[in-house]
Amino acid sequence: MSENPNNWPLWEVFIQSKRGLDHKHVGSLHAVDAQMAIENARDVYTRRQEGNSIWVVPANAISASNHDDGGMLFDPADDKTYRHPTFYHMPEGAKYI
Amino acid sequence: MISGLDRTGRKFPAPTMELKEALLTYALRRGDDNLILSNRLGEWCGHGPQLEEDIALTNRALDLIGQARNYLQYAAEVEGKGRSEDDLAYLRNERQFVNTKLVEQLNGDYAQTICRSFLYDAWHLPLQQALTKSTDERIAAIAGKAVKEVSYHLRTSSEWMIRFGDGTEESHQRAQTALDALWTYTGDLFVQDEVDAILEKAGIAPDLALIKVAFDKTVDTVLAEATLKRPADGFMATGGRQGKHSEYLGFMLAEMQYLQRAHPGATW
């Protein structure tokens, strides 16, 4: 599809569900430019009050790690449980930490 | 407004017959505009040029049908003859529809669909904004809700006009062709008659001459950025408010009303 010259560029969409929270990746869509990508994201991804802020990023601006490197990149963390902050108690009522 | 008690139990006076009739017609006009344009936009469902546009168009169609329902419900209540919003939508004939001629025009290519929406939105937004100050509380409430939706409609149709006009040679040509073809229907948006005069006097509806000022400003600003040429005001095809329509409305109603006509009272 990406070889089709009439096809619009792909954008990755990030939605912030609530003020103060981070923007989360929700999916992607096609749009002619950044402004229209935001408009389209509004229609595609915020129809059910999912958020109050939208970011769009050209999909080709994202550099990704290689799946095949997974072993080397991530497996060494397997046996280092001391890196997990499991010795702390969550304050009561704290939802977002 | 119907004479009697409102929801809080306060008594309010019976409007004169004249005002009541004018209000009924006014609510029908507002409802019909939105109902017919909503249907036209809905025709794109599953046929949009791009998945995202398909969703965006039908989203706007849904906004418009919501607004149509609000106005037709109100019309039915004002009429007070036991008809429902559905009766008004499905059981009136072509000559009883009082929508503006612009909204019934065919979808054509995407430039024509967008251009029709743009011209409508540029008129619809200032109208709904003015109606938020209506002395009729119900209309003010309907308009208050509609304004946010319509603001978005105008922004998105304007953005497309700019991209078409200032895009490729072909998109520019198509947008200009659509604009030239639809311009003759813009006059119908500003036709005023006794209904408008009565309601303006009562503070219920604005003078459309004021809406024209806002319309002109929006159209000129967007067309300048789109490098499109505003057509000269020539012959204006009017008459929609009196139920005189172009050849296209009847076909749409035939399809839209078929089920209720063939199976009266059918529900599901």
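Student: Which residue in E2(A) stands opposite Trp11(A)?

Tutor: In this predicted model, strand E1 of chain A covers residues 10–16, and E1(A) pairs with E2(A) in the antiparallel sense over six bridges. The residue in E2(A) that stands opposite Trp11(A) is Leu29(A).

Student: In what order do the three strands of the open sheet in chain A lie?

Tutor: The edge strands, each pairing on one side only, are E2 and strand E3 (53–58) of chain A. The pairing in this open sheet is antiparallel, and the twist from one strand to the next averages 30°. The order of the strands in chain A is E2-E1-E3.

Student: About what angle does the direction of H1(A) make with that of E3(A)?

Tutor: Helix H1(A) packs on the sheet, where it touches E1, E2 and E3 of chain A.

Student: Which element gives the most to the side of chain A that touches chain B?

Tutor: The contact between the chains takes twelve residues from chain A and eight residues from chain B. On the side of chain A, strand E2 (24–30) and helix H1 (34–45) each supply at least two residues, and the residues of this side divide into six nonpolar, three polar and three charged. The element that gives the most, with six residues, is H1(A).

Student: Is Arg95(B) buried or exposed?

Tutor: The place of Arg95(B) is in the loop between helix H3 (85–90) and helix H4 (101–104) of chain B. Because Arg95(B) has 12 other C-beta atoms within 10 Å, Arg95(B) is exposed.

Student: How many Å apart in space are Arg95(B) and Gly250(B), C-alpha to C-alpha?

Tutor: Along the sequence, Arg95(B) and Gly250(B) are 155 residues apart. In space, from C-alpha to C-alpha, the distance between Arg95(B) and Gly250(B) is 9.1 Å.

Key. Residues are numbered from 1 along each chain as its sequence is written. Chains are lettered from A and ligands numbered from 1 in the order in which they are written. This is a predicted model: local features need pLDDT of at least 70, side-chain atom pairs count only at pLDDT 80 or more; totals for chains, interfaces and linings use all residues. Two residues are in contact if their C-beta atoms, placed from the backbone, lie within 7 Å. Helices (H or I, at least four residues) and strands (E, at least two) are DSSP runs, numbered from the N terminus. Ala, Val, Leu, Ile, Met, Phe, Trp, Tyr, Cys and Pro count as nonpolar, Asp, Glu, Lys and Arg as charged, and the others, Gly among them, as polar. Two strands pair if DSSP finds at least two bridges between them. Axes are lines fitted to C-alpha atoms, for helices over the stretch in contact, and angles run from 0 to 180 degrees between N-to-C directions. A residue is buried if 20 or more other C-beta atoms lie within 10 Å of its own, exposed if 12 or fewer, and partly exposed in between; C-beta atoms are placed from the backbone.
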